[in-house]
Each structure stands twice: as C-alpha cells, then as structure tokens.
Amino acid sequence: MQLLYPLKAKELKIDLEKCTGDGYCAIICSMGCYEIKEEHASVKDVGACRVCYACEMRCPEGAIEVIEEYGGEL
Amino acid sequence: MKYDIIVVGGGPAGAIAAKVAAESGLSTLLLEKMEFTREKPCGGLVQGMAFDRFDFPSSVNETFERNCYGAFVCAPSGNNVTCFAGEPVGQFVWRSRFDPALVFWAENKGAEVREKTRVTDLTMKAGYVKGVIAKSKQGTEDIEAEIVIGADGYYSFIARRLGLLVKNMERVSAQFTYQMEMPESEIDEKIEDAIEIYYGTELSPANMWICPKREGLSLGIGSILTEITEEKTTLKERLDYFRKKHPIASEKLKNAKVILEQPSQIFFPGTMRRAYYNGALLAGESAGQVVMATGAGIYWSMVGGDLAAKTAVDAIEKEDVSEKFLKNYEERVNEEIGNDLELGVKLRTKAADIASRERVLENLKADKAARDRFALMVAGKHPLTEIARFW
C-alpha cells in the first residue's frame, strides 16, 4: 500500500525581531524543524516540514511564516 | 475563462458543494492542489448521519473499508469499556479513496475538475471576490467566477486572504497521525469494527485514537494548541510512546507498520469571523464545521458544502452575491448543524479533567443504555443534541 502526501516547505521564516525564544514552535512541531539557540528559535530541518502551519498558528508573536514549496508536485 | 462557481478544495465539503452546484445547472469548476489520491491526516470515519442525508452512488459506497459499530474507550487508569450498537453506525474509509469517489460524483453531475492546481490568490474588485489565480504545470491562469467557495480546510488560505480567520488558539488542535498497515485477520481479532479512544493522562492530556480499515488503520493524537505548553515532548513522541508502551494499545499495534506520518491541525467553531464575504463562502473545516468534542468533521463539512452551494445557487439566480444576501448561508448552517457544533465545544470542555474522564468510564460501564448512546454519538449516527441530553 502506498499513500501520498506531497507537501513540502521551501522556507521557514523566523522574524528575529519578534521572536522571544519562548519555544512554542519547537514543542508544537512534531517533525523537529525547530530548535532554540541563543534564546531565539532557529530552523534545524526545513526538509522535514509537512506544511501543517501549526508553528505559524501557535507562535504568540506571529514571528513565523511557512513558505510552501509549490514546484514539487506540480 | 468564467464559471458560475469555483470551489477551492477537493475534500468532502468541496466535492459536495461542486456536486450540488453542477446538479443545479451552474457551470462549476473544482480545484484541488494535490493529486486526488493523496491521503489526509484523518481517521476516516464517515458518520452514520451522512448515509441518511446524502444518497451516495455505489462508487462512493465501494470505498467503505470497514463497518463502525461504536467505540472502545479506555481511561488513563486502563479502565475500559466497549460500546457497540446493534448495527453499523458509521463507515471507515481511506480518504485517498473516499475523496476521489466524491469528486467523481461531482464530475458525473457536470462539474469540471482540475487536480494539481493551486489557488495562489483571489482576484478582487470593489470589495467583491471576482475569481482566483490558479497555478498548475500548464501555467498561471486568471479564472473568473460569480462565487468562490473556499473549502480549503484548516488554516484556510481563502479565509486568511479575506481576513476572516481568527487566531483563536483555544479552538484549534494540533494533530499527529500515522497511517499504518496491519494484517486484516489481526485487526478483526484485536480491534474489531469500532473506533478506539484512549483518554490522555495528567502528564499528557492529549487523547489518542485508532480508526481501523480493512488492512490498515489510522492512529492519531490531538491536543488543543494552548494545552501544548509545559510538556517537553512533541505529539509525535507521545504517540510513539503510546504505540510502543501503552499496556493495551501496544499489544494491539505490535505488528502495525507505519506507511505515512502526517502533522496537521483541526479548526473548530470560533476560528472564523464569519463564513461569507462579497462573492465568497467558506465550507467545511475552513469554516470550523467540525465537532470539537470528538474532532470529527466529515459529515458536518459535507452538510456545510451542500448548504454553501445551495446558497450560492440562490444568490446567482437572484443576481445578488453580496454579503447581505450570502449571510443566508449562516442561518442555514445554524439551523441544521449549529446546535451540534456548539454542543461539541461545550462537551469538550466538560470532559477535560482526568477525574471526569474516569467518571465517564464508570457511567458507561454501569449502564447499557448509556453505552448505546455513546456508540451513536461517537459514530455520528444521531445528532449530538439528541444524545447529549441523556448525559
């Protein structure tokens, strides 16, 4: 059995001016895309992102933007 | 190119909306960003009410993988009970088969369908939605419509683009889902024909669920965004612990093999300012048409899609696609499923603490009639409102 879910991110943008390093993104992301480094969020693995937007939704500061990769499956 | 109606999204809400619009004789275009055989981060329980409300063709019925007779419920203590109705009260499906069958139904009624086509923007004029910008391998296209129906799921692009989305973290849950393979005979023996619900613990309050199919299952965990704070483990880590270490579930799942992992969200009522705009409507999860108590949404989203299309048909006939006219949609939704959606929110907060979850178990164990009602509620055979008054 094969099941498809071809969603990928091109970029996970963090606005460091807004980011307070609270770490919600790192906890909400099950794919391990984020880590907290020097009191700010940092992207660890953009390739693991499946574009669920939970990080963007959870960030109280609105500091994250998920840029979806359109090319892959088109 | 111009259509009467463009539906964005090929899930249950979008497919039903396109089917109803096309059936009414309107030129209808449905756009889906992925290939239709995509799997969704979903348990795939089609509620019993859907069969009573929609007259599915055999091509849809053929995608039913397994009957759902009710639920197996397990409290944090391990105390558990099986609530079976006397007859099937729902059906389990793979969304990768069910959704295309619904879309094919819409196509048969005259809708034009394009997959692997993304809506990257809306075209606007004088405060009205006038169409979409659609991108595919063939290029970028400006397509006009009288009404655009946004059935594009959680964190809807259409809703965000129109400023209708409310960032209400208490009404959104984060999910993690595994789609798994498992021998049919083993599912028959260990899981049977029911949804399994495992209430979370004090340490990890998120609930886990199993939805069996013929030769596989969906396994998931979900938690309201604001409840994922103090714990230092992700939903995936908690679900892995559950499937490997839970005294009851690990035994059932030991030969289940992961074939797909999917993070996602669920948007519940209260995540939209409103579900209509000049020249546009929202249907399904993009409009928060999901029952918060259970996280189930297929039936309610299909009703949303049906009512959105009917409202759009009326609006086009009356040549009035203004918000003022389309507000009618809200009234129709409230009348048919408003009470269910509202009650779903109330019930979710009621059963939030551990003591009350244990109490639910005790009550179910003590009372056969309560078990029957629980089975009907979880499988969506009857409206929530009909059942909840017994609680």
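Biologist: How many helices and strands does chain B have?

Modeller: This is a predicted model, in which local features need pLDDT of at least 70 and side-chain atom pairs count only at pLDDT 80 or more, while totals for chains, interfaces and linings use all residues. Residues are numbered from 1 along each chain as its sequence is written, chains are lettered from A and ligands numbered from 1 in the order in which they are written, and side-chain values use heavy atoms, with hydrogens and water left out. Helices (DSSP runs of H or I, at least four residues) and strands (runs of E, at least two) are numbered from the N terminus. On that basis, chain B has 14 helices and 18 strands.

Biologist: What radius of gyration does chain B have?

Modeller: The C-alpha trace of chain B spans about 60 × 40 × 35 Å along its principal axes. The radius of gyration is taken over C-alpha atoms, and the globule rule is 2.2 Å times the number of residues to the power 0.38. For 391 residues a compact globule would have a value near 21 Å, and chain B agrees with this, at 21 Å.

Biologist: What percentage of the residues of chain B count as buried?

Modeller: Contacts (heavy atoms within 4.5 Å) in chain B with a separation of 6 or more come to 74% from residues 24 or more positions apart. For accessibility, buried means under 20% relative accessible area, exposed over 50%, and partly exposed in between (1.4 Å probe, protein chains only). Of the 391 residues of chain B, the share that counts as buried is 61%.

Biologist: Which three residues supply 19% of the area that chain B buries against chain A?

Modeller: The contact takes 47 residues from chain B and 29 residues from chain A. The buried area, meaning the accessible area (1.4 Å probe) that two parts lose on being put together, summed over both, is about 3200 Å² here, and carbon and sulfur atoms give 66% of it. The trio that contributes 19% on the side of chain B, more than any other three residues, is R118(B), Y155(B) and P263(B).

Biologist: Which residue forms a salt bridge with E68(A)?

Modeller: A salt bridge is a side-chain nitrogen of Lys or Arg within 4 Å of a carboxyl oxygen of Asp or Glu, and the rule finds one across the interface of chain B and chain A. Both E68(A) and R118(B) are buried. The closest N and O atoms are 2.9 Å apart, and the partner of E68(A) is R118(B).

Biologist: Which element gives the largest share of the side of chain B that touches chain A?

Modeller: Eleven residue pairs, both at pLDDT 80 or more, are in polar contact across the interface; such a contact is a pair of N or O atoms within 3.5 Å, and within protein one must be able to donate a hydrogen and the other to accept it, with residues adjacent in sequence counting only if both atoms are side-chain atoms. The elements of chain B that give two or more residues to this side include β9 (118-125), β12 (172-181) and α7 (235-245). The largest share, eight residues, comes from β16(B).

Biologist: With which residue does E251(B) meet in a salt bridge at 3.9 Å, N to O?

Modeller: E251(B) is partly exposed because its relative accessibility is 40%. E251(B) also meets K254(B) in a salt bridge at 3.4 Å, N to O, and K254(B) counts as exposed at 52%. The partner at 3.9 Å is K190(B).

Biologist: Where is E251(B), and where is K190(B)?

Modeller: K190(B) counts as buried, at 19% relative accessibility. The salt bridge between E251(B) and K190(B) ties together parts that are 61 residues apart in sequence, because E251(B) lies in helix α8 (residues 249-253) of chain B and K190(B) in helix α6 (residues 184-190) of chain B.

Biologist: In which strand is the place of S42(A)?

Modeller: S42(A) is buried, with a relative accessible area of 18%. Not counting residues up to four places away in sequence, S42(A) touches I14(A), C33(A), Y34(A), E35(A) and K37(A). The place of S42(A) in chain A is strand β3 (residues 40-43).
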